[in-house]
Structure formats: C-alpha cells, structure tokens
Amino acid sequence: MRKTEGIIQLIIGLIGMALCLTAHNKWAYLPAILMGLWAVVTIRRLPAFQLTETGQRKFQRRNVVSMILWVIAALLAFVFLRQTPYGTDGLWFMLSAYLFLTIHGVMVIVPLKEE
C-alpha cells in the first residue's frame, strides 16, 4: 500500500469524523460513499506488486492492529454514543468506521520498525 493511499484514508477518516460530530445527519455518510467510489475507480490503476515476506508481515500487523482498535472503538461507540445525537441512526458505527480509516491511514504513513 502506498503512502498516498494512507493519506487519502486519513483525510477521508478525519472529514467523516468531523461530519459525524457536527452534522448529526445523513451528510456524515458522504465521505464513505466517496471512499467507495475512489476504491472502485483506482482498483484497476493499482499496479500488482509482490510484497517481500517481511513486508507482508508488516502489512498484516498493521491490518490486525487497526482491526483490533476498530473493534474496541465500535464497542465503546455502541455503548456510550448510540443514545446521543452523535450516535443516532447508525452514526455511532460510521464514527467508528471513520476512526478505523484514520488509524489505518496513519499506520500506512508511519513506517514500522525493522525486524
């Protein structure tokens, strides 16, 4: 995964979280739709590349840490935010999904320590 993809994930995640926290309505879904469209458009343009064994382990580690943090964030958002204006109509889930995008984007941008 290239750093530009990480930057795009970070930006979309931050914009989505900002919309969830400020708009409290269906506009918060717009960055997720844009992310989906961006993924469809760029999927064919991405060059197929093979990761080294070390690179593959690093990539898996980033994904696992991002997923664990997302599950924790989703549980916390479900418990604490679903009855508030920040979490009604499924916005608690969108907020946690945008947090996942932000975390994953940061982890792609920041290099991991060499093994």
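The structure is a predicted model, so local features need pLDDT of at least 70 and side-chain atom pairs count only at pLDDT 80 or more, while totals for chains, interfaces and linings use all residues. Residues are numbered from 1 along each chain as its sequence is written, and side-chain values use heavy atoms, with hydrogens and water left out.

Buried residues of α1 include Glu 5, Gln 9, Ile 12, Met 17 and Cys 20, where buried means under 20% relative accessible area with a 1.4 Å probe, protein chains only. Their cover includes α2 and α4. Just after α1, His 24 takes a positive phi of about 55 degrees.

The largest nonpolar core has 10 residues, among them Ile 12, Met 17, Met 35, Leu 95 and Tyr 98. Such a core is a set of buried Ala, Val, Leu, Ile, Met, Phe, Trp, Tyr and Cys residues joined through side-chain atoms within 4.5 Å. Two or more residues come from each of α1 (3-22) and α4 (91-109), and α4 gives the largest share, 5 residues. Beyond four places in sequence, Met 17 is in contact with Leu 95, Tyr 98, Leu 99 and Thr 102 (contact means heavy atoms within 4.5 Å).

Pro 31 sits in α2 (residues 30-42) and is buried, at 5% relative accessible area. Beyond four places in sequence, Pro 31 is in contact with Ile 12, Ile 15, Gly 16, Leu 19 and Tyr 98.

Notes: Helix = DSSP H or I, 4+ residues; strand = E, 2+ residues; numbered from the N terminus. Buried < 20%, exposed > 50% of the residue type's maximum accessible area, 1.4 Å probe, protein only.
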